[in-house]
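My notes follow in the order I took them.

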Amino acid sequence: MAAPDPTDARPEGAAPTTGAHNPPASTMPPSGPDLAAAAETSPEPVLPEAVRSRIVVLAASALPEIPVDELPAPLRKVAKFAPNRRARYGAAAIAAQLTNDPLFRQRVAARAVDEAGELGEAIASGVTPGAADPVEVAALAYLMRPVSWRDLVAAAGAAVRAEADSAAVAALIDDAEARANRAEHDRTVARVEVDKLRDELARVREELGQLREESRLLARSLREAQTQQRRANELLATERGRAARAAADHDAELRRLRAKLADAELSAGSARQSAKEARAVDDARLWLLLETIGQAAQGLRRELALDPADKLPADFVADSFTDRPAAATSTRARDTDDPARLDDLLSLPRAHLIVDGYNVTKRGFGEVPLEQQRKRLITGLGGIAAQTGDEVTVVFDGAERMHGLPPAPRGVRVLFSRKGETADELIRRLVRAEPSGRAIVVVSSDREVADGVRRHGAYPMGADSLLRRLARS
């Protein structure tokens with residue numbers, strides 16, 4: 001904002017003023033040629049934004065009261081605007097006319113003085129009330145142009161700047177207080193975090209002490225283990241020496257037994273020749289005995305009038321099983337797995353082959369699903385039944401009913417243990433149901449199953465014997 005001009009323009013013949021409270025010779029601003037001359041001698045001061053806006057508002061509110069023929073041509077259209085639009089959209093045109101048209105400014109000033117009342121009269125007389133708004137005073141002074149109007153405009157600018165500075169200082173104070181509050185809050189949070197970190201440090205130190213104690217215990221255990229390992233190595237070296245001596249003794253014994261075997265083979269050659277001759281006599285006797293037994297059996301059958309049996313003993317056990325669940329067990333092989341021995345047993349008259357199903361499938365092809373395991377085993381047993389004509393029963397563990405089972409091959413009976421009963425128990429029941437003297441072959445690598453059926457006169461065989469027999473087929 002420009003500094004006020006100390007040489008203010010006055011109308012000719014006006015008495016000089018000695019202070020702000022001495023009224024000029026005339027209470028109204030100069031008019032006509034004198035006003036134009038005053039405007040040309042001194043440049044317009046730079047108005048504060050608040051003062052300029054207030055001047056435009058006063059001028060905009062006075063436009064409708066000025067006759068149309070007295071309005072400057074650029075403002076006639078602005079005067080038709082609505083009151084709330086007049087100062088906003090016509091501000092530039094109004095400010096330009098106030099600066100360039102002293103007569104228009106005089107007319108606006110006359111109406112502004114009437115609206116301002118005592119304040120306008122006081123400013124026109126050169127007196128500035130101390131409680132008046134400096135912006136309002138500057139706006140009215142600019143329009144009326146009393147002798148000290150430039151001082152009033154400058155004072156209003158200073159007051160506006162002082163208010164802005166006060167607002168800025170207040171904002172800075174508020175910001176400083178906010179920062180102080182944030183700093184205090186941060187210090188409080190930091191204290192809490194420090195306390196937490198101290199507690200965590202104490203806990204870590206305690207854990208570190210425990211870990212050190214555990215490390216000492218582990219080091220002591222390691223030393224003890226190393227001592228035991230050295231002792232074990234010494235014992236191992238001693239046992240290796242004993243084993244070497246035992247191996248030498250064994251080799252000597254083996255050579256002695258081979259010599260004895262050679263002598264026994266010579267003796268066996270001559271014994272075989274004698275046995276061959278004796279075998280011919282024994283075969284003749286055995287044939288005669290079997291022929292006699294066969295004829296006697298036929299006669300006994302005719303005498304007792306026995307009809308062929310509709311059911312076999314295992315069928316009576318199978319009739320009590322209506323539910324057929326599914327599960328799997330794992331067993332251990334115990335007896336020989338020679339398939340030749342299995343063939344010899346199956347060649348006996350009316351032999352009954354009982355198979356522990358999952359025990360065999362788990363050893364032979366346990367990588368496939370249970371359904372495929374059952375199907376593969378049952379199909380293979382169907383081939384054995386067709387080749388030998390023997391009775392074949394396969395037993396599976398199960399606690400739930402089976403659905404969609406394929407039909408069993410001819411000569412193969414498929415059983416599932418009921419809930420609460422294992423396949424091992426069902427196999428023992430089947431063995432106990434057979435008559436004494438019948439050839440019963442049980443295939444299972446479970447030691448308990450093998451021991452149980454052996455006590456009832458059955459022949460236990462390992463699962464591998466049946467798997468090799470199926471692979472050969």
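I took helices (H or I, at least four residues) and strands (E, at least two) as DSSP runs, numbered from the N terminus. The model is predicted, so I kept in mind that local features need pLDDT of at least 70, that side-chain atom pairs count only at pLDDT 80 or more, and that totals for chains, interfaces and linings use all residues. Residues are numbered from 1 along each chain as its sequence is written, and side-chain values use heavy atoms, with hydrogens and water left out.

**Entry: the whole chain**

I looked up the secondary structure and found 16 helices and five strands in the protein chain. Next I checked burial (buried means under 20% relative accessible area, exposed over 50%, partly exposed in between, with a 1.4 Å probe and protein chains only). Of the 473 residues, 30% are buried. Then I turned to contacts (heavy atoms within 4.5 Å). Taking those between residues at least 6 apart in sequence, 69% join residues at least 24 apart.

**Entry: glutamine 97**

I found glutamine 97 in helix H5, residues 91-100. Is glutamine 97 buried or exposed? It counts as buried, at 16% relative accessibility. Beyond neighbours within four places in sequence, glutamine 97 touches Pro72, Pro74, Leu75 and Phe104.

**Entry: H2 against H6**

Two packed helices are described by the angle between their axes and the distance between the axes. Axes here are lines fitted to C-alpha atoms, for helices over the stretch in contact, and angles run from 0 to 180 degrees between N-to-C directions. For H2 (residues 49-62) and H6 (residues 102-116), I read an angle of about 95 degrees and axes 9 Å apart. H2 is therefore roughly perpendicular to H6. The cut-offs are under 35 degrees for roughly parallel, over 145 for roughly antiparallel, 65 to 115 for roughly perpendicular, and oblique for the rest. H2 brings Leu58, Ala59, Ser61 and Ala62 to the contact, and H6 brings Val108, Arg111 and Glu115.

**Entry: H12 against H13**

I went on to H12 (residues 357-365), where Gly357, Tyr358, Asn359, Val360, Thr361 and Phe365 are buried. These buried residues pack against strand E1 (352-356), H13, strand E2 (391-396), E4 and helix H16 (463-472). With H13, the angle is about 105 degrees and the axes are 10 Å apart. So H12 and H13 are roughly perpendicular to each other. On the H13 side, the contact is made by Leu370, Gln373, Arg374, Arg376 and Leu377.

I also noted glycine 383, which lies in H13 (residues 370-388). Glycine 383 is partly exposed, at 29% relative accessible area. Its C-alpha atom is 8.0 Å from that of serine 473, 90 residues away along the chain.

**Entry: H15**

Which residues of H15 (residues 447-454) are buried? I listed Val449, Ala450, Gly452 and Val453. Down the axis of H15 they fall within an arc of 165 degrees, so they line one face of the helix. The arc is that of the directions from the helix axis to the C-beta atoms. The buried residues of H15 pack against helix H14 (423-433), strand E4 (440-443) and strand E5 (459-461).

**Entry: arginine 469**

I ended with arginine 469, in helix H16. Arginine 469 counts as buried, at 7% relative accessibility. Leaving aside neighbours within four places in sequence, arginine 469 contacts Pro339, Leu342, Asp343, Ile384 and Gln387.
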